[in-house]
Amino acid sequence: MALGKKLKELLDDKNITVKEFAQNIGVAPTTLYSFIKRDSDTGKLDLISKISNGLGMSIEDFLQLDYEYQGKMYMPDGSVKNFYAPKSEGINTIAAHFEGEEFTEEELEQIMKFAEFVKSQRKDKD
């Protein structure tokens, strides 16, 4: 789901009209109507920031509404970040098969390389 549709659904869930919300966040209603109609996957950072703040969520949360938590990712600087991937109807990622496991970035790279190797060995290559 793109951002315009997400915004419209969130406003509908909160029983807020586009016009009311636009006034609350200090943007022209036409800007939000256009944003919703375009239903783009992107938007100007300033507008996204105003929308997410107006909804009481972080920019990251607004952008990741259709994503689900996959696990922790260990960054080269030593920090740990949560890893999200698009929601799917089935298990389509390797990470989903290792529920509860935590891998370093290097280990994840090795797993992906091995997966590519296994795919290259298929007899009925796509």
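The model is predicted, so local features need pLDDT of at least 70, side-chain atom pairs count only at pLDDT 80 or more, and totals for chains, interfaces and linings use all residues. Residues are numbered from 1 along each chain as its sequence is written, and side-chain values use heavy atoms, with hydrogens and water left out.

**Overall fold**

The protein chain has six helices and two strands. Helices (H or I, at least four residues) and strands (E, at least two) are DSSP runs, numbered from the N terminus. Along the sequence the pattern is α-α-α-α-α-β-β-α. The chain has 126 residues, and 22% of them count as buried. Buried means under 20% relative accessible area, exposed over 50%, and partly exposed in between (1.4 Å probe, protein chains only). The accessible surface comes to about 9200 Å², and 51% of that belongs to carbon and sulfur atoms. Areas come from the Shrake-Rupley method with a 1.4 Å probe; for residues, only the protein chains shown count as cover. Take the contacts between residues at least 6 apart in sequence: 41% join residues at least 24 apart. A contact means heavy atoms within 4.5 Å.

Helix α4 spans residues 45-54, and its buried residues are L47, I48, I51 and S52. They sit on the same side of α4 because they cover an arc of only 125 degrees around the axis. The arc is that of the directions from the helix axis to the C-beta atoms. L45, D46 and N53 are exposed on the other side of α4. Cover for the buried residues of α4 includes α1 (3-13), α2 (18-25), α3 (29-38) and α5 (59-63). Just after α4, G56 has a positive phi of about 75 degrees.

In α2, V18, F21, A22 and I25 are buried. Their arc around the axis is only 100 degrees, which puts them on the same side of α2. Q23 and N24 are exposed on the other side of α2. The buried residues of α2 pack against α1, α3 and α4. Just after α2, G26 takes a positive phi of about 75 degrees.

**Core**

The largest nonpolar core has 18 residues. Such a core is a set of buried Ala, Val, Leu, Ile, Met, Phe, Trp, Tyr and Cys residues joined through side-chain atoms within 4.5 Å. Those with the most contacts inside the core are L7, F21, L32, F35, I51, L55 and F62. α1, α2, α3 and α4 each supply at least two residues of this core. F21 touches L7, L11, I16, L32, I51, G54 and L55, leaving aside residues up to four places away in sequence.

**Surface**

The whole structure holds two salt bridges. A salt bridge is a side-chain nitrogen of Lys or Arg within 4 Å of a carboxyl oxygen of Asp or Glu.

| Salt bridge | N to O distance |
|---|---|
| K8 and D12 | 3.0 Å |
| D46 and K50 | 3.7 Å |

K8 and D12 both lie in α1, four residues apart, about one turn of the helix. K8 is partly exposed at 33% relative accessibility, and D12 is partly exposed at 40%. D46 and K50 are four residues apart in α4, so about one helical turn separates them. D46 counts as exposed at 53% relative accessibility. K50 is partly exposed at 28% relative accessible area.
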